[in-house]
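Subject: Handing over a structure, with notes

Dear colleague,

Please find the structure below, followed by my notes on what was found in it. I would be glad if you read the two side by side.

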Amino acid sequence: MKEYSLTLSPAHAAAGTVTFVVDNAGAVAHALAVAGPGVSDAHTSTVPPGGQARLTVTLQAGSYELWCPIDKHRELGMDTHLQVGGNGPASPAPGSAAATATRTGQ
């Protein structure tokens, strides 16, 4: 995360328990919110500049929206999507990670 972009690596994940590792590389505070099938109010606390937070959620197959819920950050471009498929390993996506989705457990 940084002003005003949100990047996922990978951009696809397998269904199951996923931990998002959120790194704030920006100069102002940010947070991460997630919504999609079975997930409606999952979010991190506010992450200060240079800080990190983790958010663990159980994802079902489908499309999820991820955004920064602070002020108007979402409208300024801090909004992205994550496609979740069936069970199995997450497939890597190009680019550097600002939020990393990692499958935990089995």
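Thr19 stands opposite Thr56 of strand E5, where a strand is a DSSP run of E of at least two residues, a helix is a run of H or I of at least four, and both are numbered from the N terminus. This is a predicted model, in which local features need pLDDT of at least 70 and side-chain atom pairs count only at pLDDT 80 or more, whereas totals for chains, interfaces and linings use all residues. Residues are numbered from 1 along each chain as its sequence is written, and side-chain values use heavy atoms, with hydrogens and water left out.

Thr19 itself is found in strand E2, and the side chains of Thr19 and Thr56 make a polar contact at 2.8 Å (a pair of N or O atoms within 3.5 Å; within protein, one must be able to donate a hydrogen and the other to accept it, and residues adjacent in sequence count only if both atoms are side-chain atoms). Thr19 has 10% relative accessibility and therefore counts as buried (buried is under 20% relative accessible area, exposed is over 50% and partly exposed lies in between, with a 1.4 Å probe and protein chains only). Thr19 and Leu55 are 36 residues apart along the chain, yet their C-alpha atoms are separated by 5.4 Å.

E2 (residues 16–23) has six of its eight residues buried, so this strand is largely enclosed by the rest of the structure. E2 pairs with E5 (residues 52–59) in the antiparallel sense over eight bridges, pairing being assigned if DSSP finds at least two bridges between two strands. Val18 stands opposite Val57 of E5. In a regular strand the side chains alternate between the two faces of the sheet.

Five strands form an open sheet of mixed pairing, in the order E1-E7-E6-E3-E4. E1 (12–14) and E4 (39–43) stand at its edges with a single partner strand each, so one side of each is left without a neighbour in the sheet. E1 and E7 (residues 79–85) run parallel and are joined by three bridges, and the bridge partner of Ala14 in E7 is Gly85.

The loop between E4 and E5 contains Thr44, which counts as buried because its relative accessibility is 7%. Leaving aside residues up to four places away in sequence, Thr44 touches Val22, Ala31, Leu32, Ala53, Arg54 and Leu55, a contact being heavy atoms within 4.5 Å.

Elsewhere, Arg74 lies over the face of Trp67, at 4.1 Å from the ring centre (the criterion is NZ of Lys or CZ of Arg within 6 Å of the ring centre and within 35 degrees of the ring normal).

For the chain as a whole, the secondary structure comes to zero helices and eight strands. Of the 106 residues in the chain, 42% are buried, and among contacts with a separation of 6 or more, 70% are between residues 24 or more positions apart.

With best regards
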